Amino acid sequence: MRVLLSGNEAIARGAYEAGIQVAAGYPGTPSSEILENVAKYEEIYSEWSVNEKVAMDMAAGAAYSGRRAMVTTKQVGMNVLSDSLFYTVYTGLEAGLVVVTADDPGMFSSQNEQDNRYYAKLGKLPLLEPGDSQEAKDFVIRGIELSESFDTPVMIRTTMRTSHSKSLVDLGERPEMKEEVGPFTRNAEKYNCMCLWAKKRHPMVEDRLLRLADYAETFPWNRIEWGDRSLGIIVSGVVYEYAREVFPDASFLKLGMTFPLPRLLIREFAGGVKRLVVIEELDPFLEEQIKAMGIEVVGKEIFPPCDELLPQTLRDLGTKAGLLPEDRARGAGTQPSGELPGRSPVLCPGCPHRTSFYLLNKMKLPVAGDIGCYNLGALPPFNAQHTMGAMGASIGVLHGMGKARLPEPAAATIGDSTFFHAGIPPLLNMVHNHGVGTVIIMDNFTTAMTGHQDNPGNDFTLMGEATRRVDIAELVRALGVEKILTVDAFDVEAMESALKECTGYGGTAVLIARGACVFVSRNPQPAYVVDTDLCTACGRCFRLGCPAIVKGEERNEKTGRRKAQIDPVLCTGCDVCRQVCPTEAIRKPEGNPS
């Protein structure tokens, strides 16, 4: 049967057809939908782990025990995961293990544009790059086979376009997997990376790479497609589809396995074309390796290392470099529009984080921020968050601010899921090293930005099972924090009072701002209204940055400023705007006292 699947859906299907029995990861665009679709297959145990390294360790344990396993992550999550990935390359496994990384050329939802293909080279493990949904599914199956044949984890690298675009996929069957596994394999010299034993494993890793390079010559998805031999293009991943569209007459070497490279195949292709070009998004990963083989090739001189290489970009750059005639400069594909107005992202109407950033702006505190929706506090109208680097970094940066003895109190913001991911160790460090500062844990009961996945603060798992919810206040207290306040995030007065109390404390303070994300809240309220007779158009409600509050047509007679108006479609009745209005012009609608 053929069905239309996104790359992420296809990877989940591939996990099913590969006989994978355990899957774990941490949510992050563009990879999040993989596990959400894996969870639909009851044959596979799946979970959101608290971070990528934990997911990798968990998957390694399953594979050591004889269960086929998969780990998923977005590109920056590989930085967290890699510490554990590298030891599994030395140990090998009892059953297949694939690691899926979804890279983000163009930085649609990431803080950098890193090219994770280097992790395969650094870690010395095979790398597969699917170009469409069919390959995304097939490569998981082949990845498991490779993993078991060569006793190594296998890395599968997608990009945002492969992850989210859809194409037809032929479905297959799941192999019959054994219900029970035998006793755990006792092989300390293999699975215990003590330096004495790990040293013996290194030559095996190097020998395996040579055998994998031989295998790459026969890998079915590494193939030559001869065309006009005046131009030969080496390409992998989704860029293959773009390049075929833009250069329909050229010869192609399409690589599905990009580490280790099929050197003989590359030499054969290079020897058969007049001009050799590598087209690859981000870094010159293929180009540098091919040049190191002594083959004359160009790549980044024409196609830059920044952003996506979409078809029109390839046309423009290819024409400029003389790879295409001028009359092909404009293709029939979708043309990018430069006429759309810029639009700043904003917190959703009813977001519990709004009160915190309104007050942080009002108090003019230096604030270290973290990864999540709350990073929008850095943008207008709040301008209330001043750093952001990586998961959990905010608390460590706050600690640095404190040790630098800033002449003003400082704060850090971090969400509940991010706190569980990487916020616990730096908070513990603050306590141990007498840190000074206020950590605001914005507990909105979900992992909001990536699509509302569960975390240890929830009472359910990815598979829908009931579980014990971790109480953040109790956890923080166990870390040694003595100053802990828990406040309703929608109560402006209480939040302001708590912020002042915490920032006036001479040590490590934690303020837990609790309020459900509007998309998981079960307490919808009717939309509020503005009494224009009382509204003076002072503009204070606009400082909340709520999309539901807009400028109406009615104006203040003296100042000429436009009075506020509330969009009833967007308003969630969170009540924050009513609390900040100095003239009590904002209220619940008549007949809705709740």
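Here follow questions and answers on a helix pair and a pocket in a predicted model.

The model is predicted, so local features need pLDDT of at least 70 and side-chain atom pairs pLDDT 80 or more, while totals for chains, interfaces and linings use all residues. Residues are numbered from 1 along each chain as its sequence is written, and side-chain values use heavy atoms, without hydrogens and water.

Reader: Which residues of helix 13 meet helix 10?
Author: Contact means heavy atoms within 4.5 Å. Helix 10 brings Tyr242, Ala243, Glu245 and Val246. On helix 13, the partners are Pro311, Leu314 and Arg315.

Reader: Which helix gives the most to the lining of the largest pocket?
Author: A pocket is an open set of points on a 1 Å grid where a 1.4 Å probe fits, with protein on both sides within 12 Å along at least five of seven lines; lining residues have an atom within 4 Å of a point. Among the 37 lining residues, Lys74, Ser109, Ile371, Gly372 and Met449 are closest to the centre. Helix 4 (77-91) and helix 16 (416-432) each give two or more residues. The most, five residues, come from helix 16.

Definitions and conventions: Helices (H or I, at least four residues) and strands (E, at least two) are DSSP runs, numbered from the N terminus.
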